[in-house]
Amino acid sequence: MFDLKKYRKKSPWILHYNAGSCNGCDIEILASLSPKYDLERFGVINTGNPKQSDIFLVTGPVTYRSRERLVELYTQMPEPKVVIAVGSCTCTGGVFRDMYNVEDGIDRYIPVDVYIAGCAASPELIIDGIVKALEILEQKSKEMEKPHKLFREATSEGGIVNRRHSALKVGEIDEEN
Amino acid sequence: MKKTINIPLGSQHISLLEPVRFKFECENEKIISVDSDVGFVHRGIERACTTKFKFDAIGYVVARVCGLCAITHSLSYTAAIEKLLGGEITKKAKYLRILLLELDRVHSHMLCLSHTCENAGFEAMFMRIMGDRELVMEIQELLTGNRVQFDYINIGGVNRDISSEVAQKIVNNLYEVKQRVLGYMDEFTNNWSLSLKFKTIGALSLDDAYRLNAIGPLARASGLNIDVRNEIGYLPFSEVGFVMQTHSEGDINARNIVRLNEILNSILMCENILSGLPEGEIFTKLKGKPNGEAVVRFEAPRGELMYYVKGNGSAMLDRVRIKTPTFASIPAFSHIFVGENYADAPAILASFDPCLSCTAK
């Protein structure tokens, strides 16, 4: 049978959504898919369908009307999925921060894995970001294959550390610092 | 029984770069009415220009209205402020402004052509044009330091001088682009499969173009002689060899041919500018605060762009009003869709070269 997990890494599909950007980052995404930068050599293809996509590229500072569609697209994508914020205004709001119809970045609404800075983000940075996202995607796929056993003993070495335990551990380190 | 079906296109779709929603009412294959919603990208830039930023920073803010015609936005705003401050900028700065304006037009038109081909199903042509477009992006990066958002124009001149090596590189790359564009001209006029998708599809007659207030390449493809570069005396377009390009058919093919001819004309203008670039300073310091009203028009790649600026003698402005080309053309867009096949809708939409982030601001 086909080993879907293997092919997911070799050919991740991109979903691109413009949540109110100025088109600058969108045309840079198109440019990075075109022959000079050739992102398609990683097996990446731009699709319009959230249900077939693995990587979610978002541009723009999230306007008031596009936020519902943004969350809807995110929830329609199958696990594992990686979200990339392309451009300064997607990361923080950028020059549009505090304008009355702008929500100051996408991480208020959906979890972001890779932030790409720049106004507009250059194709080199976008390629770097997507290569980084491929690593995260592989890691997330492995994470999904592990059997989840909640409330397992934390002392077992090499075992799965459950979420509650790891969260506590992070908090302890923060207290020490 | 209801005989029509409603098909939505957008707000997220593979053939759209930007969020816009069209609702097509179709009877079998034919579109009989269309409803559009363009407000997804509204950010409130006009409001922020009067409350958040001082007048000398707004030139860089309004560039973020649109990434494709960023230079036209900052140029229009700067020209309005220079009118209010009453200064005169040097001739070299004016020539460099035209140079970047025309380079921007070349890359914007090439993007539109490639996108039209992609939406018509000709992926190879999309890749070819996008690959050749990098030649223009390269010289824009050399000239201004950035590929898309240039921030090249400031109040009183331009931010960077041009060196002789950069000028030589621009001439070489533009020569290369010209050869490629002549190749596309052949492809767009003679390719049989492209002609099935483009010829007689999405036609707009001269009367309708006039009546529905079409502007830019959309109107010029129908034979309407409007181009703001012909009407304003602020920048010396006639000195550098501007010729208006029109076509009589009004269909998608005519729009493509008009865009290709404009690219050739823009390349000619850039070459003329570089061969006869005047000596002198690139920046003049202008003093004072803007007081009064000014209206400035410029030709963006998509048509006429109008700025209205009102100052009150302080650092904050009273009003900045932006009228963008796509906004004026929406009635013509809706008119063209009626009577066409639904399968052609993405290609027709791409051939308008709509810019929704301009429209919604």
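Lys310(B) stands opposite Arg319(B) in β8(B). This is a predicted model, in which local features need pLDDT of at least 70 and side-chain atom pairs count only at pLDDT 80 or more, while totals for chains, interfaces and linings use all residues. Residues are numbered from 1 along each chain as its sequence is written, and chains are lettered from A and ligands numbered from 1 in the order in which they are written.

β8(B) pairs with strand β7 (residues 303-312) of chain B in the antiparallel sense, over 6 bridges. Strands (E, at least two residues) and helices (H or I, at least four) are DSSP runs numbered from the N terminus; two strands pair if DSSP finds at least two bridges between them. The open sheet has 3 strands in the order β6-β7-β8 (chain B), with antiparallel pairing. Its edge strands, β6 (291-300) and β8 (317-323) of chain B, each pair on one side only.

Angles run from 0 to 180 degrees between N-to-C directions, with axes fitted to C-alpha atoms, for helices over the stretch in contact.

| Helix | Strands touched | Angle |
|---|---|---|
| α12(B), residues 325-337 | β6, β7 and β8 of chain B | about 130 degrees with β7(B) |

Elsewhere, 34 residues of chain B are in contact with 32 residues of chain A. α5(B) gives the most to this side of chain B, with 5 residues.

Conventions
Two residues are in contact if their C-beta atoms, placed from the backbone, lie within 7 Å.
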